[in-house]
Structure formats: structure tokens, C-alpha cells
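Hi everyone, thanks for coming. Please have a look at the model on the screen, and then we'll walk through it together.

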Amino acid sequence: MAQTGAAKRFDWPLLVWRAAAWALGGVPLLLLGWHVLHAQLGPNPVEFLEHDAGDWSLRLLLATLAMTPLRRLTGRPEPLRVRRLLGLWAFFWVCLHFAIYLTFDLEWSPSALAADVVKRTYITIGFAAWLALVPLAITSTQGWQRRLKRRWATLHKLVYAAAVLGVLHYIWLVKADLREPLLYAGILAVLLGMRIPWRGILRGRPLPRRTT
Ligand code: HEM
């Protein structure tokens, strides 16, 4: 049976990927809201909120970084088309994490923040990671992408720095059991390693220019 033009144009795979990206960023937020509404935050509610938001910040950053390798592995265009959405969700979660800390630990005192950034290494690293993500969120629109041209791709390499700093932040703050932060570190190493053109390097070829 012949398909109508509208039916042919409807991009079902992209819809599925978009729905998955929204679910990955949004469902944990709904769950967190549920826990808050039902007062199910355990004996230390601030720690619960801070840690949950920190965990999802890192997971979404890694999910964002997984899109380019997934595009190569599957040959499908959708991962690159949901990358920005995932990146914005990651930024949302980092801002939520930061806001929880500012509200409950520091009562929004700029001097207390400055003191913590100077004195506590894991806060310095986390803050640097947040700073690295701010210009990426601001310039995430197509307008900025057009305006910045090639510089846009260069600027957006900051996401690698943010992810490395995010993982270091976690490793630094954990006192005893390093298994979870090291798992994230391992995933990040694989995701970054997959971006390196190993075959070309091993054969001594010059590195190709990246376009995505
Ligand atoms: C890309 C940025 C960031 C990422 C990926 C991130 C991630 C994380 C993770 C995974 C945790 C541990 C959660 C757990 O134990 O389950 C955490 C804890 C924490 N983070 Fe961040 N974070 C970031 C930025 C920040 C910033 C900007 C601040 C504040 C300036 C901050 C302050 C904290 C604090 C206070 C804790 C709890 C420490 C504790 O309980 O001892 N983080 N973060």
C-alpha cells in the first residue's frame, strides 16, 4: 500500500530516541519529586538529594558523550540528534545538584561558596566542571552554532573537561568505597578512548579533521 507524504516523512526512530532521552533525564526527576512529596528521603534528606542529583549529573554527562560512539557503532543518525537534549538534561541536573548544595549547605552565601571553592578540593573540581558546562548550555542553540561556526565545535570540546572533572570530583569526595566512582571513570575512559583514531595512529597516519 502506498504511504502518504506525511506518513513517509514521520521519523519514528527519532521519536523513539527523543522519548528515551526525555525519559533518561525526566523519569529520575519525577522519582525524586515522588520521594520528596512522600517524605522518603531517608535519615539525611540533604545528602539524599545532593547525591541523587550528583549521580544523575554524571550519568547524563556520560550518556551525552556516548552518542558519538553510538552513532559510529550503529551507523544511525539519531544519537547525534538527541545529543544536545541529553547535554541540556545533564546541565539541568548539575544545576539542581549545585542549587541543593547552595541552599542547604551554604544558604546561598557567596562568601561561604568562595571559601569552600578555595578550601575543599572536591568542591573546587565540581565548581570547575559546572563552569565548563555553562558556556556549552548558553551556546547550545542553532543560532549560536551558526554564529560561532568552526569555533563552536572547539568550544564544545569543553564537555570532555567537564566529564573528567565530574569523575575526579566524585573520586575525590569518596572516602572509602571507590568502586562506583571508578566504574564511572572506566566508562568515561572507554567513551573517550573510542574517539581516538587508533588504527590511523598505529599506522602512523596524520589525525583526520573531525566534523562531528
Ligand atoms: C559536572 C559537575 C558535577 C558532577 C558530575 C557532580 C557529581 C557528583 C557526584 C556523582 C556526587 C556523589 C554522589 C553519591 O555519592 O552518590 C557528588 C556529590 C557532591 N557534590 Fe557534585 N558534581 C558536580 C558539580 C558539583 C558542584 C558545582 C558542587 C558545588 C560547588 C558540587 C558539590 C557536591 C557536594 C557537596 C556533594 C556531596 C559530598 C558529600 O556528601 O560529602 N558538585 N557530586
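Let me start with how residues get sorted: Ala, Val, Leu, Ile, Met, Phe, Trp, Tyr, Cys and Pro count as nonpolar, Asp, Glu, Lys and Arg as charged, and the others, Gly among them, as polar. Please keep that in mind for later.

Two notes on the ground rules. This is a predicted model, where local features need pLDDT of at least 70 and side-chain atom pairs count only at pLDDT 80 or more, while totals for chains, interfaces and linings use all residues. Residues are numbered from 1 along each chain as its sequence is written, and side-chain values use heavy atoms, with hydrogens and water left out.

Now the overall picture. The protein has eleven helices and zero strands; helices (H or I, at least four residues) and strands (E, at least two) are DSSP runs, numbered from the N terminus. Its C-alpha atoms fill a box of roughly 60 × 50 × 35 Å along the principal axes.

What does the record say? In an unreviewed entry, UniProt puts the annotation "transmembrane region" on residues 12–36, 85–102, 122–138, 158–176 and 182–202. Such annotations may be inferred rather than shown by experiment, with positions in the numbering used here and feature names shortened. In the model, residues 85–102 are 100% helix, and the end C-alpha atoms lie 25 Å apart. For residues 182–202, helix makes up 81%, with 28 Å between the end C-alpha atoms. UniProt also places "domain: Ferric oxidoreductase" at residues 54–167, again from an unreviewed entry. That stretch is 88% helix, and its end C-alpha atoms are 10 Å apart.

Finally, the ligand takes up the space of the second largest pocket. A pocket is an open set of points on a 1 Å grid over the protein atoms alone, where a 1.4 Å probe fits, with protein on both sides within 12 Å along at least five of seven lines; lining residues have an atom within 4 Å of a point. This pocket has a volume of about 910 Å³. Of its 37 lining residues, His 51, His 97, Tyr 122, His 169 and Leu 173 are closest to the centre. How does the lining divide by type? Into 20 nonpolar, eight polar and nine charged residues.

Key
A molecule sits in a cavity or pocket if more than half of its atoms lie within 2 Å of its grid points. Grid points are joined across faces, edges and corners, and a volume is the space filled by probe spheres set on the points.
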